[in-house]
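Work through the exercises below with the model open. Try each task before reading its solution.

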Amino acid sequence: MSIPPKFCEILSPRLGGLEPSLSYTERSSKMPEVKKPSAIIREQKILLSRLEQINQLCSSLKQKKLKTLESLKHQLTETNASIESQLKKNKESEQDRDNTLKRLYDKLYSLKNNNSQIIAKIESDTLKLSKIEQENLDLSITKQQLINQKISLEEYLNKIEASNITSNNKLSELTEKESIYKIIQESYEEAYQDYQKKRNESYEELKKLNNCLQELKGNIRVFCKIRPLLADDRTEPIKLEINDKTITVFKAEKVSRFVFDRVFGPSASIDEVFEEISQLVQSALDGYKVCIFAYGQTGSGKTYTMEGSIQTAPYDQAYTKGIIQKSMELMFSASSKLEEIGWSYKFYASTIEIYNEQVRDLLDYSKTLTGFSSSLINPISIEIKSYEDLVPLLIKARKNRAEAETECNINSSRSHFLFQLKIFGKKNNEITNGVLNLIDLAGSERLKISKAQGDRLEETKAINKSLSALGDVIHSLVKKEKHIPFRNSKLTYILQNCLGGDGKTLMFVNISPLAVNFKETLNSLIFARKVNACTLN
Ligand code: ADP
Ligand code: MG
């Protein structure tokens, strides 16, 4: 399509002289030129032809435009028809799509359901997985530990193997040594049998020798023991001179000298004293009857000698042992040695008290042991299986004695206390029956009978009587008299089987270190000398 020329192109170049571009000021500065009428007519003709041309151009343009419009209209109708058919098609496909969409939704829904189940499953599986992972972790730790153990076991095994090799070497060495050892053992056993035989023989010999020694020392011996000064002693001490066997007491001009089997000064310990009497105590284990008495005035140390400080110490406190405890210790240590050569021993202990010639069982205080026959006097005896059994027995005896004292208004120094240990030894057919009597005598102080009354009078008479009866019995025994006056007191009667025959007796004469007790000290020493003089004869 040819493009029509523009109006300005048609108009402008042919207008000449009609310059539209001049401004007013330019125009006003110049004076307009006055044209001639012929020029004007000519110009008008040109303009008219040009207008003609324009009109023609316009109508052709109009024609063209109409044609274009027509074709456009046609195109539009065609497009409309195709759009409509397209729309129709679209509607159908929309229907299809809806259906598909619905199906898809259904599917989606079921998928969603499935999904949530799957998610739940995944969650539980994840949980399980994490557990399994944890277990795995644990297992891997355990595995590592096992691996470590295996490594150390392997190391250990290696070491064992190494030591096995050395052990094997040693084993062969040992086997060699064992055969040597067996030979040595056999010869040792032979030597041991020999030794046992000799030991038995030497024990019997020792027993005889000990007995001989005791007899040589005298079957009745007297030891003197001076109590140490105590913090409570407020009066002057007595003037004394002591050596191994003699004691000399000084009072003003008066000098009295006494000789005994042993004299123990105030500083002598219980161990020193016991060393002197241990063989005598041991002869009870060999089957002899032994009596050890503590004689002396009240306060001279008799109870301390026999029981140590157990009577004054609280139950659980450490205390000094006396002859009773020391003897019991010796019994157990000596018997255990004899058990090695076939002896077996049983120990039975009883405790009695003699007050006013009445015998009471200190292990059952309700019981008065009546009768004047030793078979009737049969106190409770308790088996002492170890040293530990002794203390409760002594405590019980003390308690019963203390209670009875308050009831009867007496004190322990006014009665005799006897601890008796019966010893039954057995070896095959051989039997020994030893007895150890440890006696804490009533105070020997002489109360003036003329001043004593009632119970005190009876008590004093009984003590004086029994102590002098004891002196008489010992005197007659040493003199080997036909008649021994055992029946003169309960004490001597109970002890007759132990005092007579080959019985062994030791008397401690305990004396006070105080000058105020001089008279009683002298009396005690005189009494003891009487007993000792007998033995010297
Ligand atoms: P007794 O029984 O003769 O009346 P005790 O044995 O009760 O006398 O002794 C009187 C006091 O002297 C007690 O307090 C006792 O503890 C003490 N005593 C006796 N001998 C000794 C000693 N060797 N060492 C320390 N104290 C002693
Ligand atoms: Mg006493």
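**Exercise 1. Sort the lining of the largest cavity by residue class, then trace where the lining comes from.**

Step 1. The lining of the largest cavity splits into five nonpolar, four polar and two charged residues. Here Ala, Val, Leu, Ile, Met, Phe, Trp, Tyr, Cys and Pro are nonpolar, Asp, Glu, Lys and Arg are charged, and the others, Gly among them, are polar.

Step 2. The lining includes I354, Y355, N356 and E357. R414, S415, H416 and A442 also belong to it, as do A462, I463 and S466.

Step 3. Strand 7 (344–355) and helix 8 each supply at least two lining residues. Helix 8 gives the most, with three. Helices (H or I, at least four residues) and strands (E, at least two) are DSSP runs, numbered from the N terminus.

Step 4. The largest cavity holds about 50 Å³ of space. The structure has one cavity of 30 Å³ or more.

A note on the source: this is a predicted model, where local features need pLDDT of at least 70 and side-chain atom pairs pLDDT 80 or more, while totals for chains, interfaces and linings use all residues. Residues are numbered from 1 along each chain as its sequence is written, chains are lettered from A and ligands numbered from 1 in the order written, and side-chain values use heavy atoms, without hydrogens and water.

**Exercise 2. Check the length of helix 8.**

Step 1. Helix 8 covers residues 454–478, which is 25 residues.

Step 2. The expected span is 1.5 Å times one less than the number of residues, so helix 8 should span 36 Å.

Step 3. The end C-alpha atoms of helix 8 are 37 Å apart, which agrees.

Step 4. K480 follows helix 8 and has a positive phi, near 55°.

**Exercise 3. Describe the largest pocket.**

Step 1. Its volume is about 850 Å³. On a 1 Å grid over the protein atoms alone, a cavity is a set of points where a 1.4 Å probe fits but cannot get out; a pocket is an open set with protein on both sides within 12 Å along at least five of seven lines; lining residues have an atom within 4 Å of a point. Grid points are joined across faces, edges and corners, and the volume is the space filled by probe spheres set on the points.

Step 2. The pocket has 40 lining residues; G301, K302, T303, Y304 and G308 lie nearest its centre.

Step 3. The lining comprises 13 nonpolar, 18 polar and nine charged residues.

Step 4. Helix 7 contributes the most to this lining, with six residues.
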